[in-house]
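Have a look at the fold before reading on.

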Amino acid sequence: MRRKIPSTQALACFEAAARHESYTRAAQELALTQSAVSRQVTALEDFLGVALFRRTRHGVALTPSGANYWRQVSRRLQGLERDTLDVMAHQGLGGGLVLAAVPTFATRWLIPRLPDLAQRHPDLVVHIETRTRPFLFADTEFDAALYAGTPEQVANWPGVRAVHLLSEDVVPVCSPSWLRSRGLSPGGLTPQALAGLPLLQQSTRPYGWRQWFDAQGTEAPRAMEGPRYELFSMLAVAASHGLGVALMPPLLIESELARGELVLACTASLQGERGYYLVTPAQDDPPVLTAFRDWLMGQVAQAGGANPLQLAQGAAA
């Protein structure tokens, strides 16, 4: 059965004309004449039976239907171009994986481990884009996602399979020189002493310090005071520069702990409500995704064997 799909030439002309809202500029980009672009767009409109543009004094503008169609076409053309480049680059071997990921986990945990993936699977390329909220895989080009959330949030994500990777346990960390300037020793602070120090807050987890102090049975009237930062990476930089004490998952600050830029202010930890998950569509995995998942689970097993909390405690000693 013949598919109801327009020609890629017509779609490319439409996408460029929609992006520029100009047949002339689209023609310049595509190395075509203005009339050729106009003919392709007209043919596409005839194929669809829908007007995609309306004439204006300054050129053309998208109709509501055209604007919606452009958003869909643009994303799919980008995906088609990416897939084509992957095949060209690997000459039919390996493949590319498009991964949605929360930014700090991707930057601080995943990317430093990707050289190992490249060594084990040299023909597997991972493309990473930032996503912090659940989405429908059918509406995106993503093959999988690294997501940070609660078990309830993951359970409510429709049409997916989720594998728990790591827990977001948190510990209080700060700069060792900042502690010394106050006559304090790394790892030696009590929760009561910590309650009187400047606390760095994370805006996406506004009750983090309150929960930590409650778990220690400590009164802390100022538990929710202090500057707020959106990302763990921002908290890590702020703490390492002596702005206060941050509540951080050790797995996200392995480098800072190893270099001694951050140390434990107190040894008491708290198991966070959130965890890190590999989320995939609820269907059979392509070979490239299977290879990535198997490698990722191996990395998680290694991370569990070399507990970053132990590294933090060693740095505090």
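## Strand 3 and its partners

Strand 3 and strand 4 (residues 124-130) run parallel and are joined by seven bridges. Strands and helices here are DSSP runs numbered from the N terminus, with at least two residues (E) for a strand and at least four (H or I) for a helix; two strands pair if DSSP finds at least two bridges between them. Within this pairing, valine 98 sits opposite histidine 127 of strand 4. Strand 3 also pairs with strand 5 (residues 144-149), again in the parallel sense, over three bridges, and there alanine 100 faces alanine 145.

The model is a predicted one, where local features need pLDDT of at least 70 and side-chain atom pairs count only at pLDDT 80 or more, while totals for chains, interfaces and linings use all residues. Residues are numbered from 1 along each chain as its sequence is written, and side-chain values use heavy atoms, leaving out hydrogens and water.

How much of strand 3 is buried? Six of the seven residues in strand 3 (residues 95-101) are buried, so this strand is largely enclosed by the rest of the structure. Buried means under 20% relative accessible area, exposed over 50%, and partly exposed in between, using a 1.4 Å probe and protein chains only.

## The open sheet and its helices

Five strands form an open sheet in the order 9-8-10-7-11, with mixed pairing. Its edge strands, each pairing on one side only, are strand 9 (228-229) and strand 11 (263-264). Strand 7 and strand 10 run antiparallel, joined by three bridges, and valine 173 stands opposite alanine 246 of strand 10.

Helix 10 packs on this sheet, touching strand 7, strand 8 and strand 10, with its direction at about 85° to that of strand 10. Contact means heavy atoms within 4.5 Å; axes are lines fitted to C-alpha atoms, for helices over the stretch in contact, and angles run from 0 to 180 degrees between N-to-C directions. Helix 11 (residues 232-240) lies across strand 7, strand 8, strand 9 and strand 10, at about 145° to strand 10.

## One side of helix 10

In helix 10 (residues 208-215), the residues Gly208, Trp209, Trp212 and Phe213 are buried. They lie on the same side of the helix because they cover an arc of only 125° around the axis, the arc being that of the directions from the helix axis to the C-beta atoms. Just after helix 10, glycine 217 has a positive phi of about 65°.
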